[in-house]
Amino acid sequence: MPSAAGVVKAQPWNDPSARPYVEVERISKSFGDFKAVNDVSLKIYQKEIFCLLGASGCGKTTLLRMLGGFETPTSGKILIDGEDMTGIPPYERPVNMMFQSYALFPHMNVEQNVAFGLKQDRLPKQEIQERVATMLDLVKMSDFAKRKPHQLSGGQRQRVALARSLVKRPKLLLLDEPLGALDKKLREHTQFELISLQDKLGVTFIVVTHDQEEAMTLASRIGVMNHGEIVQAGTPSEIYEFPSSKFVADFVGSVNMFEGKLIEDEPNYVRIASPELGGTIYVSHGISAPPEAVVWVAVRPEKIFMSTVAPEGSTDNLVRGTVQDIAYLGDLSIYLVKLPTDKVVRVTQPNTSRHAEAISWDQQVYLSWDATSPVVVTR
Amino acid sequence: MVALPYLWLVLFFVVPFVIVLKISFSDVDLAIPPYKPLLEWVGNNSLAIKVNFNNYAFLFTDSLYLHAFANSLKVAFLSTLMCLVIGYPMAYGIARAKPSLRNVLLLLVILPFWTSLLLRVYAWIGLLKANGVINNVLMSLGIIHEPLTMLYTPFAMYVGIVYSYLPFLILPLYANLEKMDWQLLEAAEDLGCRPWQAFYKITLPLSRNGILAGSMLVFIPAVGEFVIPALLGGPNALMIGRVLWDEFFSNRAWPVASAVAILLLILLVPFMMWYQSVQARETAGDR
């Protein structure tokens, strides 16, 4: 198997012979009556960036802390590189963690912070110096080696924390909201730096984040968590284009959701009547659901075409509405279109032209989409 | 309003200090008060100023005084050390306790202050004396057959001082530890530290200012402590506070007593300045 660069292009999770690096087997963690993590199983492969994505309180941080050894699972076990981690304390795990608060030691300067883990391992002074210098160079913090943490900006602290957790060359790095404390511009910039660093060092990353955009950018695979469970795991595009449930469709990106009933259920297409939409939806692939079942159809805002004249062709996947609101975001605009059923549909359109706002408030528009665009979920 | 603290200081520190300083330079006299004035009209329209350094010189000629000074420093130092050994785990435990439990524990630390120090020291006499509580319990359990001599020994004195001053060490140390980010310990463990190593490398250095502040609050008053050594320590407990008392009340040697007091103050000033700078650093948040 070739060692793919950056994003794992080889998709080892689709290869039954590939050996997972981290195996989480039916792990649960309860705090009193509260089940923080509920029967989670996961396989994570070498050089992956696996993102645990979920709202706060969904159990993602607890799962990460169990991997680091800071929480003891109530049941289930974790294997790292084939070795059972049950009862192994954090200081003996081949794992390092980057904390959300960064947890830099305030009484040590940048250099001492980064050297801490190496000194703990009693490496020769010469080697410690070299490795610290290399690492600081890698995160572009060499000029700040003698500064104390409180003299650094948020972004600089983030780099130091990253350097400190990577300098011991762990095979697996756990990152708890690594970019959470940074402002938007810096966050975007740092995302790509993080990817290139991971690529360079060949470390496996497990990242906890609540920011779906961050997860999409970083991850080779995303595990979406809700109420202590992994509701779906897959590549960013799988998660986005083929969500398996209403929750995932709604949580990742924005989506228009229409409740409806199957009226035609064939192996190669389905037709759904949706009173909420006030029309029928035609989907060009079969789904597995009982006849007459209540289903939800998810259509992404960017997959909806909007025009002032009725498109030719079928009456499926076509509704009329009134533009209620327009938000201009620069690169694209968001239109909120009110249907006769009072349902408001969200449509985004790229602003390809600099002038001419073709569609404006209170205008009658037609909304339509391709038969391949909708996703049908049954739960 | 700004002047108020200064007024307070002038009234209750500077004025008494100047009075004591003045007495320390005067001669003993069989009079009330028992010393001669520094300034005297001697006729011929002249004012005689007589500054007597003998009181200070005397302190250095009689080894008793230097001995008492040295012993006081030793007792204060050892007491502070014992307070630290006992108080650090307590402060640490309180800081890491659940918030609901924390207030109860803090209350327990402060609770003894609700009775007078004197009563508490007397209570220790009741515990430590030959037919006191401790000896009675040990004898009835058959652990000892003769009462242990505890009262009026250095042991009793240390017990009294450590017991009385422990809260002064715990409270500032707790205030310091309470601000600590415990995630730092997880980070240290993550980087390969065993829990005790994490304590030694992270918690201890970060609580340094709390340790210094608490230690000074014990050490400085313990050097001049009078009541506890007098009541528990017995006749051999030679502390400078007792020497001062004896000079003042038994010998009626006010000038010598004043000289002792001034010397004690001079001895403690460096420690107080150190404490001040620690406090200033703590407030500035630069640790």
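Student: Is Lys47(A) buried or exposed, and how many other C-beta atoms sit within 10 Å?
Tutor: Lys47(A) is buried, with 22 other C-beta atoms within 10 Å. Buried means 20 or more other C-beta atoms within 10 Å of a residue's own, exposed means 12 or fewer, and partly exposed is in between, with C-beta atoms placed from the backbone.

Student: What kind of model is this, and how are things numbered?
Tutor: This is a predicted model, where local features need pLDDT of at least 70, side-chain atom pairs count only at pLDDT 80 or more, and totals for chains, interfaces and linings use all residues. Residues are numbered from 1 along each chain as its sequence is written, while chains are lettered from A and ligands numbered from 1 in the order in which they are written.

Student: OK, back to that lysine. What is the phi of Lys47(A)?
Tutor: Phi is near 65° there, a positive value in a residue other than glycine. Most residues other than glycine have a negative phi.

Student: And where is Lys47(A) in chain A?
Tutor: In the loop between strand 2 (34-44) and strand 3 (49-53). Helices (H or I, at least four residues) and strands (E, at least two) are DSSP runs, numbered from the N terminus.

Student: What about Ala103(A), what is its phi?
Tutor: Ala103(A) has a positive phi of about 50°, although it is not a glycine. Ala103(A) is in the loop between strand 6 (95-98) and helix 2 (110-120) of chain A, and it counts as buried, with 27 C-beta neighbours inside 10 Å.

Student: Switching to peptide bonds: is Ile32(B) to Pro33(B) cis or trans?
Tutor: That bond is cis, with omega near -10°. Pro33(B) lies in the loop between helix 1 (3-24) and strand 1 (39-41) of chain B.

Student: Zooming out, how many helices and strands does chain A have?
Tutor: Eight helices and 20 strands. Of its 379 residues, 38% are buried.

Student: What box do the C-alpha atoms of chain A fill?
Tutor: Roughly 75 × 50 × 45 Å, taken along the principal axes.

Student: Now the interface. How many residues of chain B are in contact with chain A?
Tutor: 15 residues of chain B are in contact with 17 residues of chain A, a contact being two residues whose C-beta atoms, placed from the backbone, lie within 7 Å.

Student: Which element of chain B gives the most to that side?
Tutor: Helix 8 of chain B, with six residues.
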